[in-house]
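Reader: I would like to learn how to read a few features of a protein model. Please take them one at a time.

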Amino acid sequence: MIIRVWCERDRCLGSAFLSGHEPQRPCPGCGDPLKITLPPTGETLDACWNCGCPNLYVEKAFPQVLGCGVIVVSAGLAIAFAQKTWGLSFLGIIVLDFVLYFLIPMRTVCYKCCAEYTGAPKNDRQKGYDLLIAGKYADTDDVGGPAGH
Ligand SMILES: [Zn+2]
Ligand SMILES: [Zn+2]
């Protein structure tokens, strides 16, 4: 399992790839030590190894730019060849996208510190990204509510 941990220093965008064999590394941006704590149960992921947060979500480890590019290009090809293939090109593209989707590995991400876990063991408690849960971890200090009670 490879864990990408983000630096917590203000305005530092550094991150480091850590693992059970190499649980600590300096931040490439500011030099702060980035480290994870392995759970006593071994390589299980019931809570974040970086911040201990129990809420994590799973997503496709697919660069979004690439994902959009594939869809745009494949849709363009399908339209270009639709007349020659009597629309069969659409079917081909759908199959291609489907295959691509299943080839892409999953990764697990912490709601609180955004640490990314690639190759994590499957955990049925971890579902897709949920805005409601994410909202609990979002910064709320700038929300302007009615002042005073
Ligand atoms: Zn840093
Ligand atoms: Zn975390």
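Author: Start with pairing: S6 and S7 are antiparallel partners, joined over three bridges. Two strands pair if DSSP finds at least two bridges between them. Helices (H or I, at least four residues) and strands (E, at least two) are DSSP runs, numbered from the N terminus. One bridge joins Thr108 to Tyr117 in S7.

Reader: What kind of model is this, and how are residues and chains labelled?

Author: This is a predicted model, in which local features need pLDDT of at least 70 and side-chain atom pairs count only at pLDDT 80 or more, while totals for chains, interfaces and linings use all residues. Residues are numbered from 1 along each chain as its sequence is written, and chains are lettered from A and ligands numbered from 1 in the order in which they are written.

Reader: In what order do the five strands form the open sheet?

Author: The order is S2-S1-S7-S6-S5, with antiparallel pairing. S2 and S5 (56-60) are the edge strands, each pairing on one side only. On average, neighbouring strands are turned by 25° against each other, direction ignored; the axes are lines fitted to C-alpha atoms, and angles run from 0 to 180 degrees between N-to-C directions.

Reader: Which residues have the most contacts inside the largest nonpolar core?

Author: A nonpolar core is a set of buried Ala, Val, Leu, Ile, Met, Phe, Trp, Tyr and Cys residues joined through C-beta atoms within 7 Å. Buried means 20 or more other C-beta atoms within 10 Å of the residue's own, exposed means 12 or fewer, and partly exposed lies in between, with C-beta atoms placed from the backbone. The largest core here has 16 residues, and Ile3, Val5, Leu18 and Ala115 have the most contacts inside it. S1 and S2 each supply at least two of its residues.

Reader: What should I make of a positive phi?

Author: Most residues other than glycine have a negative phi. Here Arg11 has a phi near 65°; Arg11 sits in the loop between S1 (2-6) and S2 (15-19). Arg11 counts as exposed because it has 7 C-beta neighbours inside 10 Å. Cys114 also has a positive phi, near 65°, and lies in the loop between S6 (106-110) and S7 (116-118). Is Cys114 exposed or partly exposed? Cys114 is partly exposed, since 15 other C-beta atoms lie within 10 Å.

Reader: How is the length of helix H2 checked?

Author: The expected span is 1.5 Å times one less than the number of residues. The 16 residues of H2 (88-103) should therefore span 22 Å, and the end C-alpha atoms are 23 Å apart, which agrees. H2 is hardly covered, with one buried residue among its 16.
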